[in-house]
Amino acid sequence: MIGTGKIKQYANVLDKPLGKGKQEVSLSAFAFLFSELVQYNQTQVDNISELETRLEDAGYAVGARVLELLCQRDKGNRRETRLLGILSFVHSTVWKVLFGKVADSLEKGTEHEDEYMISEKELLVNRFISIPKDMGTFHCGAFVAGIVKGVLENAGFPAVVTAHFVPVQGQQRPRTTILIKFAEEVLRREARLG
Amino acid sequence: MDTNDSLRVASLWHSMHAISQQLSPTTGCSGIELLEADTFDLHCFQSLTGTKFFVVCEPGTQHMEALLKVVYELYTDYVLKNPFYEMEMPIRCELFDINLTQAVQKDRVALLGR
């Protein structure tokens, strides 16, 4: 028979090692699933901002779980306490695990001290989505903003995270920017830590 | 050609395609694939689900079947995965339009060399 090896039987399912699992999922499968998620939420809400909130909540749940998983798997159960640390964690590790590549750029906001931006030429979730003209400023990247929010808040850095389109000269499609605005206490704590 | 005209042509073609399937003297006919007229050619591609894609071109243009297959792929990508598209409605998806013009452009460059 093919493939009969001795598989170690674990008495308790909690003792089984947490494998890395299959790294890849079909993009089309994800696109259809995400499209259904958006369509389902559209039937449940009355206006666009509620739809964005719902997508963000869905992403928040993902972010919370991703943080736990990555802390255990990639960082050896250490947690970030500094602002830049958690931001670069989101920008590289989380993005790599979720989207297969690091985010395009991480910038500090020029106008306000508490604003940071992660930009991406095109979010994976938005790859096949064209927003109709009458939906205005709606952004399906609210899902990704929710993921970032979930990661940050559960790591102890409460923040308000939103997704925006930023038109770029010379390109038909605008860039996407995830704007992260940290709460007061985070900045105060950061200042205290030096 | 505005939306109403395209809808008219599409419904006309749909009926003709269905009638031709019944009329055909050979068994197992799946409908009209090519319509040749004096001033234009009409190539048609039918997917497994019965959705028909047709392209109207100058007489004697080559490789239209390949173009239709490309359009089919673009359709499945940018229209069917778009949560804001309702089935059977006219397609108003920006990404689909952009990629469609690119595909036709590429085809034109390849065929005519300009």
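**Reading the sheets and the interface**

Modeller: Chain B has 3 helices and 3 strands; helices (H or I, at least four residues) and strands (E, at least two) are DSSP runs, numbered from the N terminus. This is a predicted model, in which local features need pLDDT of at least 70 and side-chain atom pairs count only at pLDDT 80 or more, while totals for chains, interfaces and linings use all residues. Residues are numbered from 1 along each chain as its sequence is written, chains are lettered from A and ligands numbered from 1 in the order in which they are written, and side-chain values use heavy atoms, with hydrogens and water left out.

Biologist: In what pattern do the elements of chain B follow along the sequence?

Modeller: The pattern is α-β-β-β-α-α. Along the principal axes, the C-alpha atoms of chain B fill a box of roughly 40 × 40 × 25 Å.

Biologist: What is the strand order of the open sheet in chain B?

Modeller: Two strands pair if DSSP finds at least two bridges between them. In chain B the order of the 3 strands is β1-β2-β3, with antiparallel pairing. β1 (34–36) and β3 (52–57) of chain B each have a single partner strand, so one side of each is left without a neighbour in the sheet. Neighbouring strands are turned by 15° against each other on average, direction ignored. For such angles, axes are lines fitted to C-alpha atoms, for helices over the stretch in contact, and the angles run from 0 to 180 degrees between N-to-C directions.

Biologist: Which helices of chain B pack on this sheet?

Modeller: Contact means heavy atoms within 4.5 Å. Helix α1 (residues 3–23) of chain B touches β1, β2 and β3 of chain B, and its direction makes about 110° with that of β3(B). Helix α2 (residues 64–79) of chain B touches β2 and β3 of that chain, at about 135° to the direction of β3(B).

Biologist: How many bridges link β2 and β3 of chain B?

Modeller: Strand β2 (residues 41–46) of chain B pairs with β3(B) over 6 bridges, in the antiparallel sense. One residue to look for is C44(B), whose bridge partner in β3(B) is F54(B).

Biologist: What is the strand order of the open sheet in chain A?

Modeller: The 4 strands have the order β1-β2-β4-β3 in chain A, again with antiparallel pairing. At the edges are β1 (105–108) and β3 (159–166) of chain A, each pairing on one side only.

Biologist: How should I read the area buried between chain A and chain B?

Modeller: The size of an interface is often given as the accessible area lost when the parts come together. Buried area is the accessible area (1.4 Å probe) that two parts lose on being put together, summed over both. Here the area is about 1,400 Å², of which carbon and sulfur atoms give 62%. In contact are 19 residues of chain A and 11 residues of chain B.

Biologist: How many salt bridges are counted between chain A and chain B?

Modeller: The count is 0, a salt bridge being a side-chain nitrogen of Lys or Arg within 4 Å of a carboxyl oxygen of Asp or Glu.
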